[in-house]
Amino acid sequence: MRLAHLRKVFLPFSRWPQPGGPPPTAPEERRLAEVATCYELLSQIYLMNHRIRLADYCARRSLALGLRLASLAPVVARAYADLLAVTAATGGSRRAVAYYKAQALGSCRQLGEYAQLAFTLLAVGIHDAASARWAAARDNLSRAREIVHGLKDRRLWEDVVSHRGHLEFYAG
């Protein structure tokens with residue numbers, strides 16, 4: 001029911017005139033992009049503090065605002081990745097997780113956002129590990145580690161490596 005409702009609400013916004021276009025220049029567009037980014041950052045903060053319901057709200061709000069922009073923006077890919085993490089953390093349905101995974105990975109690839117792709121692969125790897133799909137989790141976490149190593153993002157690298165250690169511990 002929730003996924004069908006989300007598709008119905010977001011379907012009108014699912015096509016952008018110029019994917020990965022230039023940053024917004026109009027004052028209203030720029031303000032909308034800034035508010036969407038703020039909600040997305042709040043979502044990540046709430047996720048780190050295990051405030052899942054607030055993270056869910058902020059991620060959905062960020063996605064709704066990001067989809068109103070004239071072109072595909074990085075905030076949309078980040079919002080999908082946050083929704084993937086929230087849905088996986090709350091034990092959401094496989095369909096919802098698969099949907100957010102596909103949307104997040106597709107947005108990241110379309111935008112060429114490698115840092116966000118690494119974050120998305122980390123979220124997917126965590127979900128795979130929680131579902132006891134060890135091979136898929138290893139693959140996703142390894143790909144995320146390679147991307148992060150190339151970007152030299154120390155914080156994300158530590159997250160990926162620590163989750164890889166958890167994976168090896170639980171997989172046995």
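**Entry 1**

I looked up Tyr-39 and found it partly exposed, with a relative accessible area of 22%. My scale is this: buried is under 20% relative accessible area, exposed is over 50%, and partly exposed is in between (1.4 Å probe, protein chains only). I note that this is a predicted model, where local features need pLDDT of at least 70, side-chain atom pairs count only at pLDDT 80 or more, and totals for chains, interfaces and linings use all residues. Residues are numbered from 1 along each chain as its sequence is written, and side-chain values use heavy atoms, with hydrogens and water left out.

I then searched the whole structure for aromatic pairs and got 4. Rings of Phe, Tyr and Trp (its six-membered ring) pair if their centres lie within 6.5 Å; planes under 30 degrees apart are stacked, over 60 edge-to-face, and the rest tilted. Tyr-39 pairs edge-to-face with Tyr-57, at 6.2 Å centre to centre and 80° between the planes. Tyr-39 sits in helix α2 and Tyr-57 in helix α3 (residues 52-67), so the pair ties together parts 18 residues apart in sequence. Helices are DSSP runs (H or I, at least four residues), numbered from the N terminus. Tyr-57 is also partly exposed, at 47% relative accessibility. I found one aromatic cluster made of Tyr-80, Tyr-99 and Tyr-100.

**Entry 2: α2 against α4**

How do the axes of α2 and α4 cross? Helix α2 (residues 27-48) and helix α4 (residues 74-89) have axes that come within 10 Å and cross at roughly 25°. The axes are lines fitted to C-alpha atoms over the stretch in contact, and angles run from 0 to 180 degrees between N-to-C directions. I therefore call α2 and α4 roughly parallel, a label for angles under 35 degrees. From α2 the contact (heavy atoms within 4.5 Å) takes in Ala-36, Thr-37, Glu-40, Ser-43, Gln-44 and Leu-47. From α4 come Val-75, Arg-78, Ala-79, Asp-82, Ala-85 and Val-86.

**Entry 3: Leu-141**

Is Leu-141 buried or exposed? I found Leu-141 buried, at 2% relative accessibility. Leu-141 lies in helix α7. Leaving aside neighbours within four places in sequence, Leu-141 touches Leu-122, Gly-125, Val-160, His-163, Arg-164 and Leu-167. Val-161 is 20 residues from Leu-141 in sequence and 8.1 Å away in space, C-alpha to C-alpha.

**Entry 4: Ser-131**

I placed Ser-131 in the loop between α6 (114-130) and α7 (134-151). Ser-131 is partly exposed, at 31% relative accessibility. Ser-131 and Ala-88 are 43 residues apart in sequence, with 9.4 Å between their C-alpha atoms.

Note on methods. Helix = DSSP H or I, 4+ residues; strand = E, 2+ residues; numbered from the N terminus. Parallel < 35°, antiparallel > 145°, perpendicular 65-115°, else oblique.
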